[in-house]
Every structure is written in structure tokens, then in C-alpha cells.
Amino acid sequence: MTVIGWIQIILFCAIIVALTPLAGGYMTRVFAGERTFLRPVLRPIEAAIYWAGGVNETREQHWLTYTVAMLLFHVGGFFILYALLRLQGALPFNPAEMSAVAPDLAFNTAVSFITNTNWQNYGGEGTMSYLTQMLGLTHQNFLSAATGIVLAVALIRGFARASAKTVGNFWVDITRCTLYILLPICIVYTVFLVWQGMPQTLGAYVDATTLEGAKQTIAVGPVASQVAIKMLGTNGGGFFNANAAHPFENPTALSNFIQMLSIFLLGAALTNVFGRMVGNQRQGWAILAVMGILFVAGVAFCYWAEANGTATLNALGLTGGNMEGKEVRFGIVGSALFAVITTAASCGAVNAMHDSLTALGGMIPLINMQLGEIVIGGVGAGLYGMLLFVVITIFIAGLMVGRTPEYVGKKIEAKEVKMAMLAILAMPLMMLGWTAIAAINPEALPQLGNAGPHGFSEILYLYTSSTANNGSAFGGITANTLFFNITGAVAMFVGRFFMIVPAMAIAGSLAEKKSIAASAGTFPTTGGLFVGLTVGVILVVGGLTFFPVLALGPIVEHLAMIAGTVF
Amino acid sequence: MLKELRPAIVVLVLLTLITGLVYPLGMTGIAGALFPKQAQGSLIEKDGKVIGSALIGQAFESDKYFHGRPSATTGPDPKDATKTVSAPYNASNSMGSNLGPTSKALADRLKEDVDKLKAENPNAAVPVDLVTASGSGLDPDVSPAAALFQVPRVAKARGLPDQNVRALVEAQTEGRTLGLLGEPRVNVLKLNLALDALRS
């Protein structure tokens, strides 16, 4: 570890903290329907969409209607993407002449993109036409991200409102989120990325003759416009197979730093939106503090592990850390920081191959995802995931002092706790259940890229990442098989909707409740005690659930490495 | 619930067209106008022919050129299209080795490469990035140490004094961005182009 490495980490955290109230204030105004500086340009488009869709923007929806609207939107998105994948061979914008994607891979990919997972069982430059990349993948990057954000906003409204029957209008929220938040940032961001060296062209792959006379076919495409939303919307599905490690998908150290910031920007800002909407920004800062503690601990541990290298490297006298699977321009700190950020948020873009991380360094991404990606998290998903943990924490705190627990003026009762537990239990069921089944499936095991405990970690990582809707991988596993395509899609589906629907039920239930004034007996939720207790609950729940499986994978691998064993 | 069907279809289709066609095509136009070189892939031409991209590494094998990092990319087997074979720096199939920290295959590969490099230059420590495969398999850079390590070989193959080649490496070394971000690096293709220019 180096001083300059730590300065980069501290700078990153400081910028996120500084941007949080700015972006949070803007987003709050957008979702309240207030005037913003972009209104003169965007309002005509917004109004036209409502007019064509027959949307009455003043009519709000009950939480069930809101949820059904969201599900219909997903179903439609799924069919568009699946159709594009199957038909791309016959459609335009296909200079590399890609043929139709196989049915099971198309199914997995379509589920993957509507759930904001963006797991890649395909290699982008070898599978997808430009039309699919734009109309299929770029568009789902926008809409699945917007869905996550508006669901978080609906849940916040549940906390913020009193005696209300409705939580907002899904069509209005999704349109405003896309037009006023995601698109404007992406337009500026794309220009920046192209300036840094990212291609943005519809031209065919380039044939070059190298200095030594060899042929090299260089894949290009409309990369920057997709990467902008891929990072901002914490989607993570790469244009290229190597994702953000590919020099065209992350050309410079500066593009790397900005990409890391953009992963966290909107997720962090939503904590501030929460604080503003419930009438006390300190409530938002307390949640961000819980996230920050878990994040910094993860970064420090991962950076330390990667800088230490591996037994194999050290035995050969190779110093400077574990560079296998990493790029020179990012180095150890730029790669370790990225790995923690991308799994803390539900992004899943990678700028280094996670399969080649050290055993302990690779354990941090696993833990981040197993805790439910609540450290900033996916845009929206991170906040509602964290609020589920807050509900549990408040409930436990209430049990300790024997009072009905309350949070931001709302009584937390049996229904909310049951719904929160449903979501928190569905995750480990998918992660651990499918891992156990795959680990004894004779058809699955030959697909592993590494032997020994690392092979087990590859399976665990696959289902953890799928369930958590992350999308990064221990890529040595060949997961483009019928078994993995189908089971992975089930994990992604359950991981998304068994989180969303209970969260919406909580939103509806809370919105109907009366708001009660804080009294001397109210547990304060803006102070250090609350932050510490929440961190404790998250680690205890995660620790009890996942320690055994981590012991079988990364921990035993680390011990084997110390003993000098290779597999 | 049925009344939600119309907005479901219309809003979805309209937002799909805006984000999936208008946005990427519009950005392609803007990018091409503002930064035409980068938008096309930062291609380098020599005598009117494309010889590569400044951002994409190439497989250099001759002693007269500086070498990049090991690349784990593959390509289709010319004998059997259903199989793949090693094809370093295949810029239409980026990938890393995905070998884990306790992989025997990785340990064997590292040992073989380290032995080869030690034989080539016994006077310097082998830089770690020169024997580890990059994440993309297309890393255009090596560390300054990895470039300097190769100076004696390149100088000998070209019949140039060591210090001239060393000075060239130092001139081609890029520092951290803003003195802070990333790591110091040397772009191998640009270094080799400068090397060719030096000779003529």
C-alpha cells in the first residue's frame, strides 16, 4: 500500500460526500415535479409522452397499481430485448454480421438486463450487433436503472407521507427520472468519455497490420454512449467481453476515476433525497455513514490483500502486488478500489478480472454482494435494501427497550418486519441453495475454470452476483450452458422481485399510517448509536448466514496458499 | 389494471426509442464532430495504412521491439472452428486469464516466464507486470520498470547504445494523471514507433 494510493481513496470518498447533497437536492426537485433549469428543453418531450400514453400526471397510484405498472413495464422490456437478440441477424446496424443469439442465452441475457444485473454469459464484441447494443442493451440500462430509482422514491414517499393512500405515479416518475436525471448526465458524460479515447462509431471493426506485419482486427462501436449509462445506472454490462478492463471501455486513469464516481453518484444522492423528503437531512447522512463505514473497511482490506500479492508471486521474487488480471494504467489501488465499489453498488462492471484477485481480496466483493449490496448499492436498490435493514435494526432496538419501534415518525409493526424479513431471507436462499445444487451437479463441475476451493468460489460468486443483481463474475467459469443460463436467470429474477415487491408493500403500509411526533422515548436515528447498531445488525445477519460458505471458499483457499498448495 | 396497459406500451416504446436510438445515434454524431479521432478508435496510420490503435496493445515478438504484457486472449482454431486456441492481443475477443491465486497453471506459467526473462537480463529484478496477464489481454502499457528491463535486449538487437534506448523510454514514460491518478506507464506501440523513427 502506498501514500498516493490512500490519497486516491480519500479523494474519492470526499468527492462523493460533496456531490451527495447537490445531486440529492436536484433529484428531490425532479420527483416533486418542481421547476428545474432543464424544464424549458425537456418539458415538451415529457408532456408529449404523457399525452400519447394517456397518462394523467396529477393522478397518483396505490402501491399495488404502482407495482403492477412497474411489472408490466419489465415484461414489455423483456420481450423487446429477447426479440432483438433472436432477430439481430436480420436487422440493420450489424456490420460484423452477428447471427441470432441462442434461445437459452437470449433468455438469460434478457432477464439479466431487465433486472439490472447485466450478467454476461456472452462476449459483447463477439455476439452482439450494434443495434442490439443500442436498442436492446443501452435502452434497458436506462430503464432498469430508472425503475430502481423510482421504486426507492416510492418507498421514501411511504416514509414521508401520513394517512395517504398513494405513493406516486409510476409513469410520471419513470419518465421524469429518464429525461431529467439520466439522459442529461449521460450526454455530458459520453462527450467526456469520447474525449478520453472511447470509440463512438457505427463503422465496422477495423483491420490493422501491426508493426511486425501481423493482422489485428480491432472491435469498435457505439461504446461511449452505452458505457455512460452502464456506470451511472449501476448496470455494469460491458460493450466488450473484458468490460471496463478493455482499453476502449476505460482508456485512462482519469476515465477510471470518473467511472468510479459515477457508480456511486446517484445511489449516494438517494440517501440525501430520503433525508430531504422525510424532513431531516441528518436521517440521510446517518444512512450514508452506515454505508461509509462498511465501504472503507472493505476498501482497506481488499487493497491490503492485493498489494500483498500471492504466495506464488512472492516465491518468484515478484514484488508490487498481484497484477494478474489487472491493467497497468490503473495499478493495484485503481483496481482494488474499483472492485469494491462495483460490488458495493450493484454495478458489476469490472476493470480487473475478479477471478484472479487474491483469495482474501476476492472475498470482499463476495461479502459486499452477500450483504445485499446496501453499501450505496444499485441506484435505488441500495437504498431500499438498506431501509429493510434499518427496519430490522429499529425492531431489534425496540425489543431491547420494550417499546413499539418507530422510524422517522412511523410505527414499525409486524407487517413491515415480516416483509423486510421475507426480502432478507430470499437472498441467501438463492445464493446458497443454487450454489449447493451446482456444486454436486456433474454437468456443472466441468465448466469451472479453476480447481480446488477457487472453483467452489467461482460457483458461489456466480449465484451471489446473479441474486444480488450485480453482474460481475469470477469469469473463469464457462456459464453459457443450459443449466447455468436457466438457474442464473431464476436467481436474478427472485433477487430482483422478492426485494422490490416487499419493499413496495412496506411503502404502501407506511404511507397509510399516521405520523407521530418524536418523544423522549423515541430512539434517535441520526446519531452514532443508531449507526453503530445498524452496522452491527448488518454484519451479524450477514456473518451468521454466509460465514460457513466463505470458510469453504476464499478462507480455505487463503490457508492453502499459505501452506504452499496449488491446485 | 387494464388502464395501465396503454401507458405500459406507449411509454415503453417512446422511452425505448429515445434512449435506444435517438440518444446513441445523436451522441455518435456529436462525438464524431467534436473528437473524430477518438470516436473512430484512436487509430494510428503509417503510410496511409492503419497499423493499430494507440489504446490497444499488439503482440510484439521480435527482439528489436519492446514487448507488452502476456495476453490471455484466444481466437478460433483454424483447423476446427468449434475450438479456440491462444491468440495473444486478439482485439476482437478481449479477456483475462481468469486464473486464481492458487492455480497450478498460473504458477507454472509465471515460473517459465520469469526464468526466460532472467536469462535475458540477469542484472535487474523481473517486474511483476511483465509476467502477469492483463485483465483485457489488450493492455497497451507496461510499467516504466518493465520497459527499462528490456533496454539491453532491444539495444543489442538494434546495435544502438543502451543509453539512447533508455533515454527514449524515459521520454515516452507518462506520469500519473494530474500527478495523482493511476500509475506511471509506457505505451508499447508508441515506444516502438519512436524506436523505428530513431533508427531512420
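Guide: What follows takes the terms one at a time, with the value set against the rule. This is a predicted model, in which local features need pLDDT of at least 70 and side-chain atom pairs count only at pLDDT 80 or more, while totals for chains, interfaces and linings use all residues. Residues are numbered from 1 along each chain as its sequence is written, chains are lettered from A and ligands numbered from 1 in the order in which they are written, and side-chain values use heavy atoms, with hydrogens and water left out.

Visitor: Why is the pair A:Arg329 and B:Asp139 called a salt bridge?

Guide: The term requires a side-chain nitrogen of Lys or Arg within 4 Å of a carboxyl oxygen of Asp or Glu. For A:Arg329 and B:Asp139 the N to O distance is 3.9 Å, so the pair meets the rule.

Visitor: What makes A:Glu46 and A:Arg176 a link between parts of chain A?

Guide: Their side chains form a salt bridge at 2.9 Å, N to O. A:Glu46 lies in helix α2 (residues 39-53) and A:Arg176 in helix α7, so the pair ties together parts that are 130 residues apart in sequence. Helices here are DSSP runs of H or I with at least four residues, numbered from the N terminus.

Visitor: What is behind the figure of about 8,100 Å² for chain A and chain B?

Guide: Buried area is the accessible area (1.4 Å probe) that two parts lose on being put together, summed over both. Chain A and chain B bury that much between them, with 68% of it on carbon and sulfur atoms. On the chain A side, A:Leu211, A:Glu324 and A:Val328 lose the most area, together 10% of what that side buries.

Visitor: How many residues of each chain are in the contact?

Guide: Contact means heavy atoms within 4.5 Å; 107 residues come from chain A and 99 from chain B.

Visitor: How do you know how α13(A) and α16(A) pack?

Guide: Axes are lines fitted to C-alpha atoms over the stretch in contact, and angles run from 0 to 180 degrees between N-to-C directions. Helix α13 (residues 359-370) and helix α16 (residues 453-467) of chain A pack at about 35°, with axes 9 Å apart. Among the contact residues are A:Pro365 of α13(A) and A:Leu460 of α16(A).

How values were computed. Helices (H or I, at least four residues) and strands (E, at least two) are DSSP runs, numbered from the N terminus.
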